[in-house]
Amino acid sequence: MNRPLRHIAIFCGLLMLALLLRSNWLQFAEREELANHEHNRRVKITQFATPRGDIIVGGKAVTGSKAVSGAEFKYQRTFKDGPMYAPVTGYASQAQGMSLLEKTYDQVLSGQDERFAFRHAKDILTGEQRRGGDVITTIDPKAQEAAYKGLTDIDARGAVVALDPATGKVLALASTPSYDPAVFAGNSFKEGDKFQELVKDKSKPLANRPLRETFPPGSTFKILTAAAALEHGVVTDVNARTDAVSPYPLPLSTNKIGSEAGDAACDKVSLKTAMQYSCNNVFLDVAAKMGDEKMRETAEKFGFNSDVYSEDFGDMLATKSLYPQELDKPGTALTGMGQGSLTSTPMQMAMVTAAMANNGKLMQPYIVDELRGPDLSSLEQNEPKLMSQAVSEETAKKVQEMMEFTAKEGSAQRALIDGVTVGGKTGTAQRGVDVRKEVPYGWFVSYGKKADGQSVAVAVFIDPTAMDISREDISGGGLGAPIARNVMKAVLGK
């Protein structure tokens, strides 16, 4: 063989070797990833080849499957009370893919989980149709209805989160405006157009506001500021007068910040009175005295700057709430009243409130109680997990004292429930550069406790941009407290 032919033969041999190596690499090393890739058409066909398992709320299915005609997809997802439960279930569309619980637990719901292998083999022998497993949620249907109805009744863009402080169970997760996952569950052009309409809608109905959007928390953050001040010894007696003047001169600035309650009501008052009337000056002052490191340390113990859910929760992962690094003194002071560079999800403020109600113990929020197989056997059971001891029990009880006083004698009175110990805090958060033109956000956080130990913590967020309401009427106490009250009543059976 002459030299050129030998070179060509060697080159072709190397090409064949490379093809063989690549083929084996795809078949073995990347087999799992390719088999489950979202753009693999066979994956979608398998997802809808049999009836999907259901997502269960309060013992009843809020999803279903129906047989449809078509060469590829045999079943289509159905939803009960779709808009109300959309922030929980997400969507399962033949054309648009999946989100939230539908996506996170698709292997279980579609029956492809490896734990079903024995049952599938049995089904082949008996001729029974394959079916997916079920996802049992922690959602309380009465609380979810109260949350969703409360937001839709006032026609607000907003969110409600309710937690069981003792366990971390998510009892309600509502977002408005919402959408019905059923309207684009198939793969027709018409359903594709409906999905695109939702994508382009300026009110963002597809957004999951409780988990995925962050906002300045406003005065609801003052409960965390109070806890930080007590924990770090900046305040030792919540009833003692402070030296914080009103209006408060912002450090290193010519700006002076007043309070809605007025200077006479807020000048040099105690931390407890400042909570009652939501006096900005006291919280600005204690935050400035603590400094950004101590404020951030306490915020992080409550979950700021961390993922709320671990990676195990897949598409239920919440956006991080942020307490910024290396703030200057005026920036730190502003975080004391929940403004400045601080951002929070409604879930995060529900966690802060729940930890206060739980004597400083922050529990890991979770929304799935159990995974069950098609034969109703338990595949996996979630248990309560402690995230941190955010503050001492002594500190938490002092904050409870102030929150309960605020509910009885201050701005949170509209959340009171007969026979229930209620603590609350209102919040109005400014946004934009020109706060005189931008409509503020409304917040409200609260907890309710019964004598038998049952409790619930609630965070309500309201964006009144699209509401027919005057700027003066926008307040967490006016808009959010009645919603929180109804959610607490639903959970506590009042």
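Q348 touches F302, G303, F304 and S321, where residues up to four places away in sequence are not counted and contact means heavy atoms within 4.5 Å. Q348 is part of helix 17. At 0% relative accessibility this residue counts as buried, a class that means under 20% relative accessible area, with exposed over 50% and partly exposed in between (1.4 Å probe, protein chains only).

The structure is a predicted model, in which local features need pLDDT of at least 70 and side-chain atom pairs count only at pLDDT 80 or more, while totals for chains, interfaces and linings use all residues. Residues are numbered from 1 along each chain as its sequence is written, and side-chain values use heavy atoms, with hydrogens and water left out.

The protein as a whole has 19 helices and 18 strands; these are DSSP runs numbered from the N terminus, helices being H or I of at least four residues and strands E of at least two. Of the 494 residues in the protein, 53% are buried. Among contacts between residues at least 6 apart in sequence, 69% join residues at least 24 apart. The accessible surface comes to about 22400 Å², and carbon and sulfur atoms account for 51% of that surface; the areas come from the Shrake-Rupley method with a 1.4 Å probe, and for residues only the protein chains shown count as cover.

A search of the whole structure finds 1 cavity of 30 Å³ or more. Here a cavity is a set of points, on a 1 Å grid over the protein atoms alone, where a 1.4 Å probe fits but cannot get out, and lining residues have an atom within 4 Å of a point. The largest cavity has a volume of about 40 Å³, the volume being the space filled by probe spheres set on the points, with grid points joined across faces, edges and corners. Its lining consists of L163, D164, P165, G168, M351, A354, A355, K361, L362 and M363. Helix 17 (346-357) and strand 12 (361-363) are the elements that give two or more residues to this lining. By residue class, the lining divides into 7 nonpolar, 1 polar and 2 charged, where Ala, Val, Leu, Ile, Met, Phe, Trp, Tyr, Cys and Pro count as nonpolar, Asp, Glu, Lys and Arg as charged, and the others, Gly among them, as polar.

The disulfide joins C266 to C279, with an S to S distance of 2.1 Å. C266 lies in helix 12 (residues 263-266) and C279 in the loop between helix 13 (271-277) and helix 14 (280-290), 13 residues apart. The torsion about the S-S bond is about -75°, so the disulfide is left-handed. Both C266 and C279 are buried, whereas C12 is partly exposed, with a relative accessible area of 40%.

The backbone remains to be considered. Most residues other than glycine have a negative phi, and most peptide bonds are trans. The peptide bond from T176 to P177 is cis, with omega near -5°, and P177 is placed in the loop between strand 9 (170-176) and helix 9 (189-200). The bond from S246 to P247 is also cis, with omega near 5°. D155, a residue other than glycine, has a positive phi near 55°; D155 is exposed, with a relative accessible area of 55%.

Note on methods. Disulfide = S-S within 2.5 Å. 1 Å grid on protein atoms, 1.4 Å probe; cavity = no way out; pocket = protein on both sides within 12 Å on 5 of 7 lines; lining within 4 Å.
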